[in-house]
Amino acid sequence: MAIAPNTTFVPNTVLTSAQMNALPFGIVAQASSTTSNSSITSTEAVTITASTFTAIANRYYRITYIEPQAAPSTGVQNTISIRIRLTNASGTVYGYGQYQQETNNATNMTITVVALATFTAGSVVVVGTAVVNGGTGNLTRSSDAIARIIVEDIGPA
């Protein structure tokens, strides 16, 4: 898809609806959570769900998923992975990030995933998921460590 950039605005000219529609619309869906999850297993599960929004065809959406403190189970080179998906834990993957520990200590690390997507026009739900390669992982959240998923309309595709 070619990007459809806006035009330069010139003084004393008419601002058109096409020009206005080429601007980003901003945040269209989001969610946050301060509730920890200490039961992340080798079965991928939804850990956060953005509010439902109505997508417009042929527009770019930037999706950001932040887990402030993620830790795989204790064990050499265990990993915890998070994904941005469409609808549920088996939906289309739009972004992926992981933390692989180097020692036998399950240290908390921040994982941030950013994805760029276009959707078919209509109702859309975007989720964040987590999975570990073995054992049980943790997503530690609090009022100071907030998990977030944000969907932003950033303009025409």
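Which residues does Thr79 touch, not counting residues up to four places away in sequence? Let us work towards that through the whole chain. This is a predicted model, in which local features need pLDDT of at least 70 and side-chain atom pairs count only at pLDDT 80 or more, while totals for chains, interfaces and linings use all residues. Residues are numbered from 1 along each chain as its sequence is written, and side-chain values use heavy atoms, with hydrogens and water left out.

Start with the overall layout. The chain contains one helix and twelve strands, where helices (H or I, at least four residues) and strands (E, at least two) are DSSP runs numbered from the N terminus. Read from the N terminus, the order is α-β-β-β-β-β-β-β-β-β-β-β-β. Along its principal axes, the C-alpha trace spans about 65 × 30 × 30 Å. Of the 157 residues, 40% are buried; buried means under 20% relative accessible area, exposed over 50%, and partly exposed in between, with a 1.4 Å probe and protein chains only. The chain exposes about 8,100 Å², and carbon and sulfur atoms supply 52% of that area. Accessible areas come from the Shrake-Rupley method with a 1.4 Å probe, and for residues only the protein chains shown count as cover.

Contacts tell you how the sequence folds back on itself. A contact means heavy atoms within 4.5 Å. Among contacts between residues at least 6 apart in sequence, 78% join residues at least 24 apart. Thr79, in strand S6, brings us back to the opening question: its partners are Pro72, Gln98, Tyr99, Gln100, Val131, Val132 and Asn133, with residues up to four places away in sequence not counted. Thr79 counts as buried because its relative accessibility is 11%.

Thr8 sits in the segment before H1 and counts as exposed because its relative accessibility is 68%. Thr8 and Gln19 are eleven residues apart along the chain, and their C-alpha atoms are separated by 9.3 Å. Helix H1 covers residues 17-21 and includes Met20, which counts as partly exposed because its relative accessibility is 38%. Together with Phe9 and Leu15, Met20 forms a nonpolar surface patch with about 280 Å² of accessible area. Patches are made of residues with over 30% relative accessible area and no salt bridge, with like charges joined within 9 Å and nonpolar side chains (Val, Leu, Ile, Met, Phe, Trp, Tyr) within 5 Å.

Next come the charges. The chain has 6 positive and 6 negative side chains, and the centres of the two sets lie 6 Å apart. Here Lys and Arg count as positive and Asp and Glu as negative, while His and the chain ends are not counted; the place of a charge is taken as NZ of Lys, CZ of Arg, CG of Asp or CD of Glu. Side chains of opposite charge can pair when their charged atoms come close. The structure holds five salt bridges, each being a side-chain nitrogen of Lys or Arg within 4 Å of a carboxyl oxygen of Asp or Glu.

One of them joins Arg85 to Glu44, with the closest N and O atoms 2.8 Å apart. Arg85 belongs to strand S6 and Glu44 to the loop between strand S2 (37-40) and strand S3 (45-49), so this pair ties together parts that are 41 residues apart in sequence.

Glu152 forms a salt bridge with Arg62, the closest N and O atoms being 3.0 Å apart. This pair links distant parts of the chain, with Glu152 in strand S12 (residues 147-156) and Arg62 in strand S5, 90 residues apart. Arg62 counts as partly exposed because its relative accessibility is 34%. Arg141 and Glu67 also meet in a salt bridge, at 2.4 Å from N to O. Arg141 lies in the loop between strand S11 (137-139) and S12, and Glu67 in strand S5, so the pair ties together parts that are 74 residues apart in sequence. Arg141 and Glu67 are both buried.

Finally, consider the backbone. Most residues other than glycine have a negative phi, and most peptide bonds are trans. Asn58, not a glycine, has a positive phi of about 65° and is found in the loop between strand S4 (53-55) and strand S5 (59-71). Thr87, also not a glycine, has a positive phi of about 75°. Thr87 lies in the loop between strand S6 (79-86) and strand S7 (93-100), and counts as partly exposed because its relative accessibility is 46%.
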